[in-house]
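I opened this entry to keep a record of what I looked up, beginning with the whole chain and then turning to a few of its parts.

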Amino acid sequence: MRVAQRTISRNYMTSLNNTLSKRADILARSESGLRFEQLSEDVAAGARAMDTQESRYAATQQKNTAEALIKELDSAWKTLGSADSIVQDILEEMKSAAGVRTEEKLEAIKKNIGAMKAQYLQTMNTQYGGKYLFGGTNNATPPFTEGDDGRLQFNGITVANIYKYNDKYYYVQDGQKPSFTYDPPGYDPDTATAPPISATPNDPQVPQSGKIYLDTGFGLSVGADGVDSRTAFQVNVVGLDAMGFMNFIPEVKTGLEDSEEWIQKTNNIYDLVTQVENMISPNYADLNMDDMQLRLTEMNDTMRMARTFIDTQTTSLEYLVDRLKTDIDGMEKLEDSLMTAEPAGEAIKMKNVEYAWQAVLALGNQILPSSLLDYLR
C-alpha cells in the first residue's frame, strides 16, 4: 500500500510541476512579447521568420539605395536646368550682337559669352556626395576639361572625335573617320543601298564612359553586351549625352557631306560657343550668327532631352521605392505574426492554466497528506 501511495504522490507532483512550468512559460511570453526565445521551440516558425528577416533587410537596403539615388538624380536634374539657363543667356547675348559693329560693344559681348562658357563648363563638372554627376564612372577628376587646342575634352578625349554606336562611346584621332567591321563580309557602306546586318566598331571606347545601373529586384541580368536595361535602372547621365558629340551613324551615309569635313564640324555646345567667341568681330556675317544660334538651340534641345530622361528615371525610382515600402510593411507584419506572442491568446492560456492549477490542488486534497497540501497552498 505504501508503494501505491508513493506512486500516486509522485505522479501528482509531476502533474503539478508541469502545470507550474506551463504557467511560467506563459508568463515569460507575456513579459517578453515573443512566441519563443529559442529556435528549437518552434523550428518551422523560426525558420520562416529568419527568411523573412533576410528578405526585409535586402528590400530595406535597396529602398535606401533608391532613395539616395533619387536625391542624386534630382541634383543632376537641377544642374542641367542651370546649364539650360546659361545657354539661354548666351543666346540672348548673341541676339544682342545683331547689327552691332563697334569693336568696343562686341568685345564686351564676347567677354560675357566667354564668362558664361566657363560657368557652363563648371556647371557640367558639378559634384554630388563626392561624385561627378556627368562623368560616367569617373569620380576621380573633373570629366570635362579644355584641351590645349581650346576644344572640349571628356575624360581626356577630345569630344569632337567621340561618336556613339549601340549605346556605347568610341573615339577616333583628329581627321580620321570611324572604322567598322561589317557583317556580312564584303559589305561596302559607300556603295550599298541597304544597311548592313551588323557592324562592330574597331575604334577604342571612351574611358570611364560607362553607365551605372540599379538592380530593380526582378533579377539583374548581365550578358555579353552588358547589363540588360529591362532588369535594371540607369541611374547616371553620361555628360556626352547633354554636351553633344560626333553624331556618326555608319548605316546611313548616302547623301551626307564629305566625311572629313563632317567629322571636324563643331558638334557640342562648348565648342560651338568657342566658335561664336572667335567669330564675333566688327566684320562678322549675320548669316553665320543666325546659323550659330539655330545650331546652339538644337544642341540645347538635346540637353533638355537628357534632363527629361533624368526626370523619367526619377519617377521610375519613386515607383520602385513605393513598391519596396509596401513589401517591407508586409514582411514586417508577417515577421511580427511569426515572432510575437498574441496577448489575448496568452491571457486565455493563462486562465486555462489557472483552472488546471486549481483542479490539481483540489485533487491533492484526496491523495496528499494535509501538511504537504497546506505547504503547496
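I am working with a predicted model, in which local features need pLDDT of at least 70 and side-chain atom pairs count only at pLDDT 80 or more, while totals for chains, interfaces and linings use all residues. Residues are numbered from 1 along each chain as its sequence is written, and side-chain values use heavy atoms, with hydrogens and water left out.

**Whole protein.** I found nine helices and 13 strands, taken as DSSP runs of H or I over at least four residues and of E over at least two, numbered from the N terminus. Of the 377 residues, 41% are buried, meaning under 20% relative accessible area with a 1.4 Å probe, protein chains only. I also looked up the contacts (heavy atoms within 4.5 Å): among those between residues at least 6 apart in sequence, 69% join residues at least 24 apart.

I noted an open, antiparallel sheet of three strands in the order S3-S4-S5, where two strands pair if DSSP finds at least two bridges between them. Strand S3 (144-146) and strand S5 (157-158) are its edges, each pairing on one side only. Strand S4 (residues 152-154) pairs with S5 over two bridges, and Phe154 stands opposite Ile157 in S5.

**Helix H3.** The buried residues of H3 include Leu106, Ile109, Gly114 and Tyr120.

Conventions. Buried < 20%, exposed > 50% of the residue type's maximum accessible area, 1.4 Å probe, protein only.
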